[in-house]
Amino acid sequence: MISSIGIVFSWISFSLLVILFFNKKKYYTEILVRINLFIQIFLFCLLEVGLFLNDFSVSYIANYSAKSTPPLYKFASLWGSLDGSILLWNLCLSLFMYLYLKLYKNTSSDLDIKIFSLIMIFFVGYTVFSSSPFAGCIELAAIGCSNSTILPFQELVTSSIGRGPNPLLQNHPLMAIHPPMLYVGYVGMTMPFVAATGRLYSKQGRSNDWVEVAEKTTYIPWLFLTIGITLGAAWSYEVLGWGGYWAWDPVENVSFIPWLLATAFLHSAKIQKSQNTLLNWNYILVGLMFLSTIFGTFITRSGVLISVHAFSNGNIGTYLLFGMLLFSLIFIVIGSKNIDYFSKSKKIDNWFGKSGFFVYNNIFLFSAALVVFIGTIFPLIYETLYDRQITIGRSYYDVIVGPLLLILLGLMIFSIKLPIKNLNFKKWTDENNNLINSSLILSVFILLYLNNSYVLVVTVAISVLLIVLTFKNFYKNFRGQKTNISYWTGQIAHLGIAIFSLGIILNVSQSYSTEKEINSFEEFSFNNQTYFVYDSIEESLPEKNVIKLPISNQSTTKFTSLNIFKNSSQQAISSPAVFRTFLNDIYITVKFIDENSYKLIVRNNYGIFIMWIGLFISSISFLPRLKKYEK
Amino acid sequence: MKNKFLTFVLLISLTALPSIFPDNESRYEQWSKSLLCPVCQGETVFDSPSEYADDMGAILLEQINNGLTDDEIYNFWVSRYGERIITNPINRNLEILLIPLLIISVFIFMFVRKLYAKK
């Protein structure tokens, strides 16, 4: 039943979008956009209802949910695999289409909504023609469903228990938040794309209003992408016991690329508005932001790469490639129609003034995006061309992206007060001499306690200087000048990044680990602290078995555990016990050898809490900007 | 003037720090960070808490204690698992480093040239 209703309504949504695409009357546009949003919300709820009713005649539910799955993870199963996540994707798209129309009703042309609906036709089309989350099951597998149909009103078979979601995805409530945040970030990048292409086409570039709208519509996706990436890092570190928060995994990379591009755009849009330069560059950035999100989905979903996050499924790869081609074509055609407009873009006169520094920012952010992109597709190229399988690991990114990010950190120091004309460096150092000296002294003090390397020394010195100068700036000017929201939110974001950099460099350079073989009721010491290990506790839940090992230092007791999921061939998942202080985490994961002997991996991870603080500051710095939508 | 001198002294002492308090990463740590655990979804032997990585780590430790050279260790792992087990291939395949650097340089050159105002 649910299967048929879902398929029928997907068709209705698809047809409405096609009508919307050809429709010429503004009045109908608004109605159609609303109905479409309503249908997408309905489809979302319908699949949720199916998940909670355990309707295993729907293939997706039989394969990615189970009777024993706890309610929260049943809810989150909707985006636990490909077809369902496209449903969430469509819901986000229709929400943004509604929002865009509402905010820019008076200024947007027909073409904005036409391009929007075309993009939506593309994604809804996937659920209609290729693979639907509502597909009914027509052939059972041992557990779950092995064959399904995308036609409504078929004779369906029902699996008895359901296969359940991927164990990684039902280990912690963060799973319910991290992916939707990223989706909102990804899908939101459609708005600037629509603003740029639609407006440039209809006005033939008679004004810069497209960049203004594109910039404002980047705020929401930027914010959510930042939060989504941060939550992903937190999830992998705090919950999954992987010990790391960022692995340069291909799928992490493809979420980082749009972030880098969007960050670059947020800066260069400012320069276009005030100096009327970088017109063509901004257009390219907006296009790449959008295309990189589709590329990201392609990498994740097509199965071309092996990764933690990849779940491949049939033909979506080709489908997405086709989409990328189609949207690139639209982008290029509209761009080429505006060559005259782009040629009005001003050149840069003051390479050490405001526009110069913003150009450097763009150069390095874009280079970083380029390097991450190359690193992600390198293994693919090697395999196709030379039939060699290689892995591009951390060292590649450390060597190339590291210095680029360090340069960016250095540039932020000058962003505090940038003159339009060239900066006088001698005057600048004279003015700030006392603060430079005090931050250098502070850096020397910090570094005296650490194992040093040149990268560490440079990073600490630059971050400390940036933090000190930013604080002085807050202290002196915050009340003084008329509060300029975008300037001050930018400064707070930079402060967050400086703190984050300190944390990450401490983590990378100072952490170490050791292994301890130990029995129940014994103690071990690590980093001048004694830890006592109790006996393990076994718990049996409907969906998993958990073996917990309580460990205590003098003041608190924490658990490290191993989660073994039923109905799953996947590896067991270990969760860490984390004893946190401001400077370092004692991070313990366990391997069970037998009944009461264990092997503990004990890490001393520096700087994690500082990193989280920095990321938190950067993320929330953007909240005040959202208020700007109101006008 | 005094201040400038202080700045200079501080900069010198900062550059001296790495040689006074060096970072000693053990050979085992270096190697375990550059070996991929083949069953662990993209984690290195150093990062992974799995049994498999544990066994690999034990073999690696033995190799290092027996004083095998880097080449010997490299050949041992690559002959068994293929090239993809090495996560830092840039040491032996310099082009992996040079190609992106070349592409960035071309990008920066073109970008700046486009924006440079002729006087």
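A crossing of two helices is called left-handed if the near helix is turned anticlockwise from the far one by less than a right angle, and right-handed if it is turned clockwise. In this predicted model, the crossing of helix 9 of chain A and helix 11 of chain A is left-handed.

**Helix packing**
- Helix 9 of chain A spans residues 209–239 and helix 11 of chain A spans residues 279–301; the two pack at an angle of about 35 degrees, with their axes 11 Å apart.
- Helix 9 of chain A contributes A:Trp210, A:Val211, A:Ala214 and A:Thr218 to the contact, while helix 11 of chain A contributes A:Leu279, A:Asn282, A:Tyr283, A:Val286 and A:Met289.
- By class, this contact of helix 9 with helix 11 of chain A has seven nonpolar, two polar and no charged residues.

**Aromatic pairs**
- Over all chains, the structure holds 62 aromatic pairs.
- One of them joins A:Trp210 and A:Tyr283 edge-to-face, at 6.2 Å centre to centre and with 80 degrees between the planes.
- This pair links distant parts of the chain, with A:Trp210 in helix 9 of chain A and A:Tyr283 in helix 11 of chain A, 73 residues apart.
- A:Trp210 counts as buried because its relative accessibility is 1%, and A:Tyr283 is buried with a relative accessible area of 3%.
- A:Trp248 and A:Phe256 also form an edge-to-face pair, at 6.0 Å centre to centre and with 65 degrees between the planes; both residues are buried.

**Charges over rings**
- The charged end of A:Lys548 sits over the ring of A:Phe559, 5.0 Å from its centre.
- The ring of B:Phe46 has the charged end of A:Arg603 over it, 5.7 Å from the ring centre.

Methods: Residues are numbered from 1 along each chain as its sequence is written. Chains are lettered from A and ligands numbered from 1 in the order in which they are written. This is a predicted model: local features need pLDDT of at least 70, side-chain atom pairs count only at pLDDT 80 or more; totals for chains, interfaces and linings use all residues. Side-chain values use heavy atoms; hydrogens and water are left out. Axes are lines fitted to C-alpha atoms, for helices over the stretch in contact, and angles run from 0 to 180 degrees between N-to-C directions. Helices (H or I, at least four residues) and strands (E, at least two) are DSSP runs, numbered from the N terminus. Contact means heavy atoms within 4.5 Å. Ala, Val, Leu, Ile, Met, Phe, Trp, Tyr, Cys and Pro count as nonpolar, Asp, Glu, Lys and Arg as charged, and the others, Gly among them, as polar. Rings of Phe, Tyr and Trp (its six-membered ring) pair if their centres lie within 6.5 Å; planes under 30 degrees apart count as stacked, over 60 as edge-to-face and the rest as tilted. Buried means under 20% relative accessible area, exposed over 50%, partly exposed in between (1.4 Å probe, protein chains only). A charge sits over a ring if NZ of Lys or CZ of Arg is within 6 Å of the ring centre and within 35 degrees of the ring normal.
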